[in-house]
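Welcome! Please take a moment to look over the sequence and the model before reading on.

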Amino acid sequence: MKSKSIGFIGIGNVGSNLANNLLKSNNKVFVYDINNKSYSRLKKLKNKPCKSLKELAEKSSIIITSLPSPKAVKSVVETLLKYLTKKHIWIEMSTTDKDEMIKLSKKVHFKGACVLECPITGGEHRAKSGNISILAAGKKSTFKECFPILSLLGHEILYCGKIGNASILKVITNF
C-alpha cells in the first residue's frame, strides 16, 4: 500500500486506540484534539500534534474524525470546510445522526472533497486490538480507495451503500 498522509481528529477513549493503530503503519499521521492532555494516550507519535484544524488539513489528504457527539462532528466539519479541497477524503467514524451526516457530506462534496461515513461497533477494547467492526457508506470508489486504511483500524468492514445507511445500521446494532 502506498503511504498516505492521514489527519486524525479526536483522541478520546476510542479515537486514541484507532489513532494508535494508524501510528503502527507506514503512513504519515497527524493528530488534533482540543484537549492537549489527550496526546499522552498516543504511542509512537512521530509528528508533533497539529495546533489547528487548518494545519491538519494542510498536512493531510485523508481526515478521520472520531468525536463524542453529532454536535462536535458538526462543529469540527464546519470549521474544516474552509480548508477542504478536492485532494481530501473525510472519513467520519463517530456515531452520528443520519440526517446531519447527509447535510455535512453535501457541504464537503460541494468543496470537491470525498466522504466516507464509517461508524464503528465493538467498543473501546476492540478498537484497541484493531478488531473493531466498521460500517462504511459513501461512493464505492472512495470505499475502495480507503479500504487499506480502514483495514488498519478494523477487522470486519461492511460496505453499506449511500451516505446515511451506515448511521442507520449503527443505531440498529446499538439496540
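How do the residues of the lining of the largest pocket divide into nonpolar, polar and charged? There are 13 nonpolar, 13 polar and three charged residues in that lining. Keep in mind that this is a predicted model.

**The largest pocket**
- The volume of the largest pocket is about 510 Å³.
- Its lining is made up of 29 residues, and Gly10, Ser66, Leu67, Pro68 and Ser69 are the ones that lie nearest the centre.
- Elements giving two or more residues to this lining are α1, α3 (70-80), β6 (120-121) and α5 (123-129).
- The most comes from α3, which gives four residues.

**Helices α3 and α4**
- Helix α4 covers residues 98-110, and α3 packs with α4 at an angle of about 5°, the axes being 11 Å apart.
- The two helices, α3 and α4, are therefore roughly parallel to each other.
- On the α3 side, Val73, Lys74, Val77 and Glu78 meet Glu100, Leu104, Lys107 and Val108 of α4.
- This contact of α3 with α4 has four nonpolar and four charged residues, with no polar ones.

**Helices α1 and α6**
- Helix α1 (residues 13-23) and helix α6 (residues 140-153) have axes that come within 8 Å and cross at roughly 115°.
- Their crossing is right-handed.
- Leu18, Asn21 and Leu22 of α1 make the contact with Ile149, Leu152 and Leu153 of α6.

Notes: Residues are numbered from 1 along each chain as its sequence is written. This is a predicted model: local features need pLDDT of at least 70, side-chain atom pairs count only at pLDDT 80 or more; totals for chains, interfaces and linings use all residues. Side-chain values use heavy atoms; hydrogens and water are left out. Axes are lines fitted to C-alpha atoms, for helices over the stretch in contact, and angles run from 0 to 180 degrees between N-to-C directions. A crossing is left-handed if the near helix is turned anticlockwise from the far one by less than a right angle, and right-handed if clockwise. Contact means heavy atoms within 4.5 Å. On a 1 Å grid over the protein atoms alone, a cavity is a set of points where a 1.4 Å probe fits but cannot get out, and a pocket is an open set with protein on both sides within 12 Å along at least five of seven lines; lining residues have an atom within 4 Å of a point. Grid points are joined across faces, edges and corners, and a volume is the space filled by probe spheres set on the points. Ala, Val, Leu, Ile, Met, Phe, Trp, Tyr, Cys and Pro count as nonpolar, Asp, Glu, Lys and Arg as charged, and the others, Gly among them, as polar. Angles under 35 degrees count as roughly parallel, over 145 as roughly antiparallel, 65 to 115 as roughly perpendicular and the rest as oblique.
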